[in-house]
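Let's take a friendly walk through this model, starting with its open space and moving on to its charged pairs. Have the structure open beside you as you read.

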Amino acid sequence: MESGNSALTQKRNYQREMEQILHAANNAPHVLLHACCAPCSSAVLERLTEHAKITIFFYNPNILPETEYRFRLEELQRLLREMLLTGEVELLEGSYEPERFLAFAKELAAEPERGERCRKCIRLRLEMAAQAAKEIGADYFATTLTVSPHKDAAFINAAGFEIAEKYGIAWLPSDFKKKEGYKRSIRLSQEYSLYRQNYCGCPFSKQETETN
Ligand code: SF4
């Protein structure tokens, strides 16, 4: 069973697992890619569109205030218009429902990044991505979140596999920061003059950035 946070899970090479899946596919699979922002999406799209048809799913109830949420979405839309990509990409916007995030996050306000608040936040976004992938008939669901060195790729992949079993839709493992993925996202962000936010998304991460 593909789940858990064991030492074994920590050692897995999710980038290689993703490559093996994509290279073994006879036809380009349809991947629903949960995306958090344009900078993270840039390098991930460049890597994935060579091998897959992509539906980007922008579902981020954790981003506050709403003006910030709208601006991140607009930057993603601009990137999709301007970036030269080899494959097919479409954008699907999820509902903006910050109350759903705040319902569990408020009492976890003091948690540090990568703590319980972040784990619940990531799980919520992956669960919604799995449901959306199922609805549109995608072959896999995945997330851009593993491009960030601030995120725990082992946790994200373990959660992805668990959620995949729950919803009956395959998880595409990833560790997009590997093979210079994170550096590439910085270069592409400069090339397309993308807005690079200085906090993860929620008010708690904003406060943490401002006080450090
Ligand atoms: S720091 Fe980022 S991942 Fe963690 S709860 Fe806030 S928005 Fe979600």
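A pocket here is an open set of points on a 1 Å grid over the protein atoms alone, with protein on both sides within 12 Å along at least five of seven lines, and its lining residues have an atom within 4 Å of a point. Grid points are joined across faces, edges and corners, and a volume is the space filled by probe spheres set on the points. This is a predicted model, in which local features need pLDDT of at least 70 and side-chain atom pairs count only at pLDDT 80 or more, while totals for chains, interfaces and linings use all residues. Residues are numbered from 1 along each chain as its sequence is written, and side-chain values use heavy atoms, with hydrogens and water left out.

**The largest pocket**

The largest pocket holds about 520 Å³ of space. Its lining is made up of 26 residues, and nearest its centre lie Ser148, His150, Gln197, Tyr199 and Cys200. Two or more lining residues come from each of helix H3 (38–48), H8 and helix H9 (203–211); helices are DSSP runs of H or I with at least four residues, and strands are runs of E with at least two, numbered from the N terminus. H9 gives the largest share, three residues. Sorted by class, the lining has nine nonpolar, eleven polar and six charged residues. Nonpolar covers Ala, Val, Leu, Ile, Met, Phe, Trp, Tyr, Cys and Pro, charged covers Asp, Glu, Lys and Arg, and the others, Gly among them, are polar.

**Salt bridges**

A salt bridge is counted when a side-chain nitrogen of Lys or Arg is within 4 Å of a carboxyl oxygen of Asp or Glu. That rule gives 18 salt bridges, including these:

| Pair | Closest N and O atoms |
|---|---|
| Glu19 and Lys179 | 2.9 Å |
| Arg78 and Glu75 | 3.0 Å |

Why does the pair Glu19 and Lys179 tie together parts that are 160 residues apart in sequence? Glu19 lies in helix H2 (residues 14–24), whereas Lys179 sits in the loop between strand S5 (170–171) and helix H8 (181–191). Glu19 is partly exposed at 21% relative accessible area, and Lys179 is exposed at 58%. Buried means under 20%, exposed over 50% and partly exposed in between, using a 1.4 Å probe and protein chains only.

Arg78 and Glu75 are three residues apart in helix H4 (residues 66–82), about one turn of the helix, and both are buried. Glu116 and Arg119 are likewise three residues apart, in helix H6 (residues 116–136). Glu116 is partly exposed at 30% relative accessibility, as is Arg119 at 32%.

Conventions: On a 1 Å grid over the protein atoms alone, a cavity is a set of points where a 1.4 Å probe fits but cannot get out, and a pocket is an open set with protein on both sides within 12 Å along at least five of seven lines; lining residues have an atom within 4 Å of a point.
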